Every structure is written in C-alpha cells, then in structure tokens.
Amino acid sequence: EAAYEKIMAKYGLRRWQVKDARASISSMSKAFEASRQKILEKRPDLKALSGSASTSGSTITPDIFVAEFVNKLYLSSHLRAAGARIIPLNSDITRYPRMTTASGAASLIAELGTSTTTNATLGEVAFTARTFRAMQQASIELVADAEFDVLSEIILPDMAQMFAAAENSFFTVGNGSTQPEGISTAVRVGTATTGVNIGSLSFTVASNYSFDHLLSIMHKLPPQYRNSPSVGWMMNDDLIKNYRSVKAVSGGTYLWEPSLQAGAPDRLFGKPVYYNQTMPVASAVTTVTTSPTAVPVIYGDFSFYWIGDRMGLDIVTANELYLETAQVGYFGFKRTDAHVMQLEAFACALAT
C-alpha cells in the first residue's frame, strides 16, 4: 500500500491506473521470458557465446566489450591508384571506339592541285561485364551481440580488400579473353614497339639493370605520351627498394625523389612511381620468357588503361542459407572489365 501511495502521489495517478500498469508490465515480462525459453529449447547452441578461438566466423564474448573495432590496413587497386580511367558499362557488353592508327602528315599542294586521301584507322574494344564474387560468414551470435556494426566494420572493408586483390591480379596479368586484359599482358604482347631489351635480368641495380635502362624505357615512348601529366612508373616494391638505395656518387645524395606531400607517390626522373605486388619480384626474373609475369617495369600513361565498371560492390545477406551452423552469409558481387586502349602509350622492360 505504501508503494502504491508513493507512485500515485508522484505521478498523479489513481489506484486502478497503477494496478493496470503493473499488470501490463508483468504480462509483457512473462511473454518475453516464455519466448526466450522456446528459442533456447529449439536452438541450444544460442544459449552461450564462445570466445575461445579466433577463427573465421567465430563469435566474440559479450561479457565486457568495447564498441571500438581495430581494423587492418588494406591494399588498394593498384591500377586505379595509378590513374586508370574509370568508365561506365551500360550493358553486359559495351563497345568503346578507339583510333588504332592516326593519319600521316598533310600534303603540300600547288594551287588547284589534288590531295591524296588519308584516313585514320578506327577500331573498337568490347568490355564484358565480368562477375567477381566473394563470400564471408559470421556467426549469428557475433552479429546479434557485437557492440559495433559487423557489416560496415568487418564485412565491407574485408570484401573491398578481396576485390582489390583480385583486381590487382587480373588487371596486371589477365589474359584479355576470359579475363580482364592485364596491363603486363598487353604490353608484353606489343614488345616489338614498346619493349626495351635489357639482357638477362638479374635485377641488381648496380650491374645490368641500371638507371640507364630506365631512361631507355622512358624514351621508348613517343614524346606526346612521355610528357603526359598521367605518365608514371609501375613496379614491384622489391625493385623500388633497390632503386631507392642508389646514390649519384659514392656517399652522395640519393637519386630517388621522395614525395614532399603526404599520400603522393615518390618519383623517378620526375615521374610518379606506383607499386604493384603482382608484378614479379626483382630476383625472380632470370630467364627469357614471353609471359606477362616476367614484365618487371612498366612506364606509360595510365589514363589509357580503362577500367569498366558495370556495378559497384553489392552485398547480399543470406540469413537462412547457413542456419544449420548458426551463421549469416554475406555475398559480395562486382562486375568489371579492363583493357589497354592505346598500346603505344606504354613501354616495358624485357628479358632477352
């Protein structure tokens, strides 16, 4: 009675209103507890969380848990970072025209003279929206009890990493028929005009693979491409390390030009250097081969490498597919393709 009187006095309620409120709260509590017990009886694996193993899709114990999630640093898509042009794909196959050969010089003619007809040669490149897929799983307990957004903190960043890793592989050495055309594949095929033969490649900068060879690669490009603001270098980080160690003279200054701006790439001969871990490690290329995996250095205008995106990263949640193991499935899809649009805009180092 004393409790009723206090509630009535504090909130200005009548006795019957207090009794009805207490009865409603009691009824809801009983209904919630009954539902919870039914779920636990049907799904005994949900009674407790396990925090013992850090395995794929494992759970996290919620006893004392802080919402701040520590994530990894992920790789980016190397060709996108180097300035490749991103184009839309409007259907399953989208064709983009390109000029394969340009017309020659204009004719000097006398008054009333005739001129020889010259026409540029045109072609097209077909971009096929190729489907890439990735899948991850997370336990129902983790999704329900984690004090952070599992999708945005774990699934999406890691999915982005998976697709970036796939792009780095296929955009570098893809075959161009059933896969995107890799830049190394295209440039290696065009070695008659774009390659610089540098002998057997031991890749010790102090010996046969030197800055002189880099100059030869640079000047293999026509001046209009060599002087483009989008031109740059691409190589494995192992080779970059070797070049960074070279000095003008013994004990002198380094020839490498470190970037003075955060996030901007370092430079060689004034041109940015982009690393690509799919390109071969320096010491690995020691024999003559026509494989694109043997292209250690590419120099060119990366805006002539086109990446066609049909759709961005799309995540589909499968709530029931893995119900037997009490997991939620996440499927990521991305449709993209890539091609070199002007081969003459690139040069590379070759083994001979």
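**Reading a sheet and a helix in a predicted model**

Modeller: Among contacts in the protein chain between residues at least 6 apart in sequence, 73% join residues at least 24 apart. Please keep in mind as we go that this is a predicted model.

Colleague: How many helices and strands are there in the protein chain?

Modeller: The protein chain has ten helices and twelve strands, and buried residues account for 37% of its 352 residues.

Colleague: How should I read a sheet, and in what order do the strands of the open sheet of four strands lie?

Modeller: In general, strands of a sheet pair through backbone hydrogen bonds, either parallel or antiparallel. Here, the open sheet of four strands has the order β1-β10-β11-β4 with mixed pairing, and its edge strands, β1 (85-88) and β4 (130-139), each pair on one side only. From one strand to the next the twist averages 30°. Strand β4 runs antiparallel to β11 (residues 327-340), to which ten bridges join it, and Gln-137 stands opposite Gly-329 in β11.

Colleague: Which helix lies across β4, β10 and β11?

Modeller: That is α5 (residues 150-173), which runs at about 145° to β4.

Colleague: Turning to helix α10, which of its residues are buried, and why do they line one face of the helix?

Modeller: In α10 (residues 237-244) the buried residues are Leu-239, Ile-240, Asn-242 and Tyr-243. Seen down the axis of α10, these residues fall within an arc of 160°, and therefore they line one face of the helix. Their cover includes α8 (211-218), β6 (231-235), β8 (271-275) and β9 (297-301).

Colleague: What caps the N-terminal end of α10?

Modeller: Asn-236 does, with a side-chain oxygen 2.8 Å from the backbone nitrogen of Asp-238.

How values were computed:
Residues numbered from 1 in each chain as written. Predicted model: local features only at pLDDT ≥ 70, side-chain atom pairs only at ≥ 80, totals over all residues. Heavy atoms only, no water. Buried < 20%, exposed > 50% of the residue type's maximum accessible area, 1.4 Å probe, protein only. Helix = DSSP H or I, 4+ residues; strand = E, 2+ residues; numbered from the N terminus. Arc of directions from axis to C-beta. Contact = heavy atoms within 4.5 Å. Polar contact = N/O pair within 3.5 Å; in protein donor to acceptor, adjacent residues only side chain to side chain. Pairing = 2+ DSSP bridges. Axes fitted to C-alpha atoms, helices over the stretch in contact; angles between N-to-C directions.
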